[in-house]
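Okay, thanks for coming, everyone. Let me put the model up, and then we'll talk about packing.

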Amino acid sequence: MSVESPVRVLIVDDDPLVRAGLSMILSGHTDMRVVGQAGDGGEVPAAVDEHRPDVVLMDIRMPGVDGLVATERLRRRPGAPQVLVLTTFDADEFVLRALRAGASGFLLKDTPPVQIKEAVLRVAQGEAALSPSVTRQLIAHVAADPVPARDRAGELLGRLSAREKEVALLIAQGKSNAEISADLHMSVATVKAHVSRVLTKLDMNNRVQVALLVHDAGLA
């Protein structure tokens, strides 16, 4: 999806105080605007239709529809906004399910405000945002992954051209489009085109899913 400044943000959390705090943090920046809030995952579809956010800042544990289910449902919709999970829970099953469901990032609520703001801007541009603890968990997950999963991941990556595979490997390293551009000596526009083809060939909807696949294949 095309994103213009300011980035439009929808905050989803069952705690009104958390919503108010995040709204104050994000609204203090001219390059983003909080356009709406929701207190439960079940309210997300209507809120997205009403406010048209670029990024949904999503909690996990909510009393009705939790953030994982809400993310899965939302990311199946055409033209869905990016989802950045912000939660106090970093258990492996939460992290992996959220990312495989299509979340573009996963941060803990004790993340410094400036880093939350930077993460929102990153995912708005289609890039990934993972806290260091989450990255460590993904590495541990891959180390324990069974061989069949690695074989399947390798087969999927076999769909890519040599150049597309290079781009996928750099995505898995957390590189931005600008960094990939510098590493591979190509324009940012060309990088974006390669990223788009990688997502299409792998039938995925964001860079985090590509990174997970590369990790599953044991290539990063």
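Predicted model: local features only at pLDDT ≥ 70, side-chain atom pairs only at ≥ 80, totals over all residues.

When I say contact, I mean heavy atoms within 4.5 Å. Helices (H or I, at least four residues) and strands (E, at least two) are DSSP runs, numbered from the N terminus. Residues are numbered from 1 along each chain as its sequence is written, and side-chain values use heavy atoms, leaving out hydrogens and water.

So, which residues of helix 8 meet helix 10? Arg163, Glu164, Val167 and Ile171 do, and on the helix 10 side they meet His194, Val195, Arg197, Val198 and Lys201. The axes, which are lines fitted to C-alpha atoms over the stretch in contact, with angles running from 0 to 180 degrees between N-to-C directions, come within 9 Å and cross at roughly 95° for helix 8 (residues 162–172) and helix 10 (residues 188–202).

Next, helix 9 (residues 177–184) packs on helix 10 at about 105°, axes 9 Å apart. So helix 9 is roughly perpendicular to helix 10 as well. Here Asn177, Ala178, Ile180 and Ser181 of helix 9 make the contact with Val188, Val191, Lys192 and Val195 of helix 10.

Last stop, Met58. Among the residues Met58 touches are Val12, Ala70 and Leu86, not counting residues up to four places away in sequence.

Note on methods
Parallel < 35°, antiparallel > 145°, perpendicular 65-115°, else oblique.
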